[in-house]
Amino acid sequence: MNGFGTLDAWVGRTIGLDRLPTRDDIEAYQLRCLNETIAYARSQSPFYRQRSDWPERGDLQDLGDIARFPLTTPADLVRNDPSLIALPMRDAVRLVTIPTSGTSGRQKRLFFTEADIEAIVAYFEHGMATIVRPGSCVAVAFPAQRPDSVGDLLMRGLARLGALPVALPVDGTLETLVGALRELQPVAIAGMPVTLGAVARLMAADGGPSLRIETALVSADSVSPSFKAALAVVWGTEVFEHWGMTETGYGGALACEAHDGLHIREGDLYLEVIEANTGRVLPAGHEGEVVVSTLRRRGLPLIRYRTGDSGCIVETRCHCGSILRRLRLGGRIGEPIAVGEGRSLSAEIVDDIVFAVPGVIDFSIQLRSGRNAGLTVDILTADPRTIEDVRYALLHHPIAGPLLQSVKMSVAIGLASGPSFPLCRKRRVTVVQGEG
Ligand SMILES: [Zn+2]
């Protein structure tokens, strides 16, 4: 294993071994933790206690046995009635509330104890140690002002491994961010794909001094091939993808140097993949919905929580040498839409084509099916001629081109107007399924 540190060694220490763990070690540990979590949740959390579909025999004989237990959904978290929280109220002072970002008023509320928070910081420390050397300056492009926010916890993890984390001003303009980065000259950077992509592209376009950033951790949104290529071209960066959400305790799975799936955070999470319609557990290698159970979490344990993300689990040994199972993510920005004549187009492809055009700094896409089938792309660019480059790229792409040219689909490409895009957000890809 070549990383600057290894996650396997850390998982071994978490389990209580003084050597690298084997698969048997990890699975025995996970089985023990799941049995503890199930018993703890059933006795401490009103939600799990009152579930009527709970199996009679509560302990697992093996990991696959967890399929007997009911799934938990995001709706359960939003409703939180009965509450999923598993601590007596007198301990509530030790709880930390972290609302997830969302546009609807109803939010998922997650509760972490101090020990739960500590597990997150430890994961960030050891995960980042695989891509960042001690002593290197790391720019953090996540909001980090609020205590226990993702940026704050990442900064704490980085400081612990001996790196020098600096929070970037992500609540201002893109130009401010570019200026801060040029002053800082970090060796590594962490942020959402949209933020890092826009900063890199503006830097390439504005004629200012260039920068070399060795590694980037990108998280909280899907990553397109053109995004990875843009960072490689502009900064010479190797992009490491991360998957996680507030429910997984931010961290979930992290790419290694082999870039063939993301190694799962197996000391804290047990992942399954199910068929979304039936709930049936799928074998390794089959794509479906990712379901997560927490292994050590106490504030709000999750048992078989449906993440809504799709992917498959890879059990073969990775070229990097790690034995940790991997998650290979599937499409994350909407189902392909029907564009007529029995054909379909995925937002993922359009997203990749648009950002592959070098003049594009940021953009939003709307893809509509049905009677008003069409594609609308608004781009942020320093050069209005980029509009024609984007049109050309779309109409001449080997897959999207013939579709857009042959079916009755309007293609409108314009300059983004109105207030500038917020810096920290997911990509704006809207898919509208219209009536046929
Ligand atoms: Zn690997």
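Two strands pair if DSSP finds at least two bridges between them. I kept that in mind while going through this predicted model.

**Entry: E8 and E9.** I looked up how strand E8 (residues 253-255) meets strand E9 (residues 262-264): three bridges join them, and the strands run antiparallel. With at least two bridges needed, the three found here make E8 and E9 a pair. For Ala 255, I found Leu 262 as the bridge partner in E9.

**Entry: the sheet.** Next I traced the open sheet of 11 strands, and I noted its order as E4-E3-E5-E6-E7-E8-E9-E13-E12-E11-E10, with mixed pairing. Strand E4 (164-167) and strand E10 (269-274) are the edges, each pairing on one side only. Ignoring direction, neighbouring strands here are turned by 35 degrees against each other on average. I also checked helix H5 (residues 114-128), which lies across E6, strand E7 (238-243), E8 and E9. H5 runs at about 15 degrees to E8.

**Entry: helix H8.** Is H8 enclosed or open? I got 11 of its 13 residues as buried, so H8 is largely enclosed by the rest of the structure. Among the buried ones are Pro 193, Gly 197, Arg 201 and Met 203. What covers them? For the buried residues of H8, the cover includes helix H7 (174-184), strand E5 (188-191), strand E6 (215-218), helix H9 (225-235), helix H10 (347-355) and strand E16 (360-368).

I checked the length of H8 (residues 193-205) too: at 1.5 Å a residue it should span 18 Å, and its end C-alpha atoms are 18 Å apart, which agrees. After H8 comes Gly 207, with a positive phi near 80 degrees.

How values were computed
Residues are numbered from 1 along each chain as its sequence is written. This is a predicted model: local features need pLDDT of at least 70, side-chain atom pairs count only at pLDDT 80 or more; totals for chains, interfaces and linings use all residues. Side-chain values use heavy atoms; hydrogens and water are left out. Helices (H or I, at least four residues) and strands (E, at least two) are DSSP runs, numbered from the N terminus. The expected span of a helix is 1.5 Å times one less than its number of residues. Buried means under 20% relative accessible area, exposed over 50%, partly exposed in between (1.4 Å probe, protein chains only). Contact means heavy atoms within 4.5 Å. Axes are lines fitted to C-alpha atoms, for helices over the stretch in contact, and angles run from 0 to 180 degrees between N-to-C directions.
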